[in-house]
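User: I would like to learn how to read a structure of this kind feature by feature. Could we go through it together, with the general idea placed before each case?

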Amino acid sequence: MAAEEKWKGWTSKQHSEAEQADEKEQCVLLGKQLGEPGRFAYAALCGISLARLFPGKEQSSFRTEYIESFVKWLDLPDAVLPAMTAFASGLGDEGTETFGQILLKDPILENPVVIIQDLLSFSLRDGYYDARARVLICHITWLLRIPLEELEVLEESLLETLKEQKEEESETAEVSRRKKERRKKLKRYLLIGLATVGGGTVIGLTGGLAAPLVAAGAATIIGSAGAAALGSTAGIAVMASLFGAAGAGLTGYKMKKRVGAIEEFEFLPLTEGRQLHITIAITGWLCTGKYGSFTAPWSSMLQSSEQYCLAWESKYLMELGNALDSLLNGFVNMMAQEALKFTVFSGIVTALTWPTSLLTVAGVIDNPWGVCLHRSAEVGKHLAHILLSRQQGKRPVTLIGFSLGARVIYFCLQEMAQEKDSQGIIEDVVLLGAPVEGEAKHWKAITQVVSGRIINGYCRGDWLLRFVYRTSSVQINVAGLQPVDLDDRRMENIDLSSVVNGHLDYMKQMDTILKAVGIKTKECWLEEKGSGSLFSPPAKKSQQAAGSETREEESTVREEDAADGE
């Protein structure tokens, strides 16, 4: 309760300051309000973290540009730039704790969360929420011992201000302005295309039509200066850039014509919300009954407020799923398990003497598997070019998939690694039971594209995955059967053998698997709410209040229009 009251007091103070500030008055950014030792420590902490998170040579320009811009953002003297550049190059790692303590001791810093707000404002200043910037913010959040959920709340709250079509004006001025704006901008709404609103989001429209409200409403969330920046004409462009053309995002994309061998490629929404970072889930196969849709396995996932599922090649995935089902539900399963009991802990596909009865029905699975194996690679390459074209807007993307869905992701990342400007798009990737090469050398290129975590979820006893690779002319490592031995801070191997008994379990046990690999589910969110998050309750109340005010204002406008008509 004390934490909640402190948050209420802080937001009330911020909101009061925003109300008193003149619209044209230059606001002092929060970072600039820190003392010089605090600003130096703040920049140094970010520089050291950049070097730790993105040490590769291919990331050197990003580190340098980020820290140089950040030094200017904090209004630090040019004399400190060499030191900050050195920190961003890998020097001074041992000073992390010291710089953190100096920053937290700054007298103006009543609540460390304002640092995350400031860093978020800085990272959004150009309308490009780089995935590397978000990984950095998450890391600084962790260093300052702030729950990661609070960053989520800050991001969602920032977006909420754009949806609130209200201004801090007198009632008369507000009603008058609304009537004029509505008539004047009606044509503009139509030109943007109302069709995209149904499948997309009103963010693109609202952001372009309500600049003053951003400055008024966002001040409560990101401070008066950050709000002033986002509420300017440039700020409108910032939000339009984040969400793509007219804010329609991925739901606005449909494959206009056949691309190579691909017959189906479409994004289906899993959630109704909007967020500064998105998640795309990719299903590995379909089967009749409960799991007959692409969205079915992901019903419990809630990694972000904006999630999509890729619908691809359903005809072939259904054929594969039915083949898997018929194969695994018979006596063949038991015989195969018996045949593998002595090699279940080997990560390498070996030339086993498979039971004759299993080989007899091998054709049931071999053909659909081979077809989908090829198509998944093509779909992955196509997905890469969709993401590179920023169809999703300029914001971080997390990819998660199982079986052939994981293979789609693998080939997507491999394709992106061959293209320019592919960095800063992908935040995290999760590949579960992936039927792809498990040698580290094949995964090295992926690290150039992924900013956050690369998770390989595997099951040593997945006999089906072994079986489909039985005809390989050479012994190969399969990522879905073993760890990928890649020496990189991004790489995380998670043994799911205690959760996954067979390949079909990747679909049936998805809720448990998501928790095991650190992906949030609806149940996780409920638990967090129950524990009393520091900012969530007040943020929710402010959103409800804003919604109530908006409805009242709209009612007033309708009454005024009716009076004018009379």
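This is a predicted model: local features need pLDDT of at least 70, side-chain atom pairs count only at pLDDT 80 or more; totals for chains, interfaces and linings use all residues.

User: Is Ala-445 buried, exposed or partly exposed, and with which residues beyond its neighbours within four places in sequence is Ala-445 in contact?

Analyst: Because a residue counts as buried under 20% relative accessible area and as exposed over 50%, Ala-445, with a relative accessible area of 24%, is partly exposed. Once its neighbours within four places in sequence are left aside, Ala-445 is in contact with Gln-414 and Ala-417. The C-alpha atoms of Ala-445 and Glu-415 are separated by 9.6 Å, and these two residues lie 30 residues apart along the chain.

User: What do the totals for the whole chain look like, in helices and strands and in the share of residues that count as buried?

Analyst: The secondary structure comes to 25 helices and 7 strands, and of the 566 residues of the chain 54% count as buried. Among the contacts with a separation of 6 or more, 81% are accounted for by residues 24 or more positions apart. The accessible surface of the chain comes to about 24,500 Å², and 53% of that surface belongs to carbon and sulfur atoms.

User: How should I read the packing of two helices, and at what angle do H3 and H5 pack?

Analyst: Two packed helices are described by the angle between their axes together with the distance between the axes. Here helix H3 (residues 36-53) and helix H5 (residues 81-88) pack at an angle of about 30°, and their axes are 6 Å apart. That angle makes H3 roughly parallel to H5, since angles under 35 degrees count as roughly parallel. On the side of H3, the residues Phe-40, Ala-43, Ala-44, Gly-47, Ile-48 and Ala-51 meet Met-84, Phe-87 and Ala-88 of H5.

User: Which residues of helix H6 are buried, and against which helices do they pack?

Analyst: In helix H6 (residues 96-104), the residues Thr-96, Phe-99, Gly-100 and Leu-103 are buried. Seen down the axis of H6, the buried residues fall within an arc of 105°, and therefore they line one face of the helix. These buried residues of H6 pack against H3, H5, helix H7 (113-123) and H8.

User: Where is His-139 placed, and is His-139 buried or exposed?

Analyst: His-139 has its place in helix H8, and with a relative accessible area of 13% His-139 is buried. Apart from its neighbours within four places in sequence, His-139 is in contact with Ser-49, Arg-52 and Leu-53.

Methods:
Residues are numbered from 1 along each chain as its sequence is written. Side-chain values use heavy atoms; hydrogens and water are left out. Buried means under 20% relative accessible area, exposed over 50%, partly exposed in between (1.4 Å probe, protein chains only). Contact means heavy atoms within 4.5 Å. Axes are lines fitted to C-alpha atoms, for helices over the stretch in contact, and angles run from 0 to 180 degrees between N-to-C directions. Helices (H or I, at least four residues) and strands (E, at least two) are DSSP runs, numbered from the N terminus. Angles under 35 degrees count as roughly parallel, over 145 as roughly antiparallel, 65 to 115 as roughly perpendicular and the rest as oblique. Accessible areas come from the Shrake-Rupley method with a 1.4 Å probe; for residues, only the protein chains shown count as cover. The arc is that of the directions from the helix axis to the C-beta atoms.
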